[in-house]
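Me: I'd like to learn how to read helix packing and ring contacts off a model. Can you walk me through one?

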Amino acid sequence: MKNLKIFFKLMISFGTILIVTFALGITALLSIQSLDKVADQYATMSIPSINYLWAARRAIQATEKMALETTVVMTEEELTTVEASLMEERSSLDKALKDLLSVAPQFQPQVNAIEEELADVSTYRQQILDEAWKFTEEGNAKAYEIYKTNYHDRFEQVRLSLLNLTDDVDKQIEEEYFQAQRTKNIAVGITIFIFVLAIGVIAVFTVVLTNQIVTPVRSLEQVATLVADGNLD
């Protein structure tokens with residue numbers, strides 16, 4: 001580089017600085033895109049998944065409560081109201097599971113298992129309603145027996161399955177969080193490295209160019225001074 005013309009020296013210097021700056025910009029852009037993807041994942045999958053699971057768990061509690069109420073009501077009007085609430089809560093439960101799959105389809109196997117368990121629950125629910133609609137003490141007693149020995153146990157299994165599914169979702173969210181932290185740390189490390197490299201490159205080229213340009217100019221200045229003084233040697 002010492003024997004190159006000043007034009008080429010400047011071109012090489014500024015070209016190198018431009019390349020390093022470009023690399024720094026690309027790294028920052030990729031880092032932002034990566035973090036934006038993680039944030040989008042939280043907004044579109046993680047947070048909605050937790051909300052849908054909580055909705056499903058709430059619906060289970062409400063459904064079981066309504067099923068128990070059917071075993072004690074003794075009028076058609078009351079039973080009609082309770083049954084309507086029971087079916088509405090069950091629809092809310094099914095909708096919550098469907099909504100969960102719309103944002104987190106990877107949990108399809110767990111949801112399928114829960115839906116199979118709910119199919120058993122529906123069978124016992126219908127048996128409870130059939131007995132409750134008799135409006136007799138024997139019918140209510142039989143309905144409560146079905147609730148106690150079959151319906152409640154099946155619903156407890158569904159509740160446990162939902163808890164396990166919640167744990168699976170929590171683990172995935174935790175993994176996404178740690179992945180985001182790793183991505184951030186790598187991006188910060190690369191950015192700092194390129195930034196330091198850019199400063200080093202600029203410093204080196206500044207010193208080299210200054211020496212290679214200023215030194216000859218000073219020599220010419222000294223020679224001109226000697227010539228001006230009449231020293232033509």
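This is a predicted model: local features need pLDDT of at least 70, side-chain atom pairs count only at pLDDT 80 or more; totals for chains, interfaces and linings use all residues.

Me: At what angle do H2 and H3 pack, and how far apart are their axes?

Reply: Helix H2 covers residues 76-103 and helix H3 covers residues 108-132; they pack at about 175°, with axes 11 Å apart. Angles over 145 degrees count as roughly antiparallel, so H2 is roughly antiparallel to H3.

Me: Which residues meet there?

Reply: For a contact, look for heavy atoms within 4.5 Å. On the H2 side you'll find, among them, Leu79, Leu86, Arg90 and Leu97, and the H3 residues they meet include Val111, Ile114, Leu118 and Arg125. By class, the contact of H2 with H3 has 12 nonpolar, two polar and five charged residues.

Me: What about H3 and H4: parallel or antiparallel?

Reply: H3 packs with helix H4 (residues 137-228) at about 165°, and their axes are 9 Å apart. That pair is therefore roughly antiparallel. The contact of H3 with H4 divides into 15 nonpolar, seven polar and seven charged residues, and the crossing of the two helices is left-handed.

Me: On to rings. How many aromatic pairs are there?

Reply: Rings pair if their centres lie within 6.5 Å. The structure has four such pairs. One aromatic cluster is made up of Tyr144, Tyr147, Tyr151 and Phe155.

Me: And which charged end sits over a ring?

Reply: Check the charge against the ring centre. Here the charged end of arginine 57 lies over the ring of tryptophan 54, 4.4 Å from the ring's centre.

Terms used. Residues are numbered from 1 along each chain as its sequence is written. Side-chain values use heavy atoms; hydrogens and water are left out. Rings of Phe, Tyr and Trp (its six-membered ring) pair if their centres lie within 6.5 Å; planes under 30 degrees apart count as stacked, over 60 as edge-to-face and the rest as tilted. A charge sits over a ring if NZ of Lys or CZ of Arg is within 6 Å of the ring centre and within 35 degrees of the ring normal. Axes are lines fitted to C-alpha atoms, for helices over the stretch in contact, and angles run from 0 to 180 degrees between N-to-C directions. Helices (H or I, at least four residues) and strands (E, at least two) are DSSP runs, numbered from the N terminus. Angles under 35 degrees count as roughly parallel, over 145 as roughly antiparallel, 65 to 115 as roughly perpendicular and the rest as oblique. Ala, Val, Leu, Ile, Met, Phe, Trp, Tyr, Cys and Pro count as nonpolar, Asp, Glu, Lys and Arg as charged, and the others, Gly among them, as polar. A crossing is left-handed if the near helix is turned anticlockwise from the far one by less than a right angle, and right-handed if clockwise.
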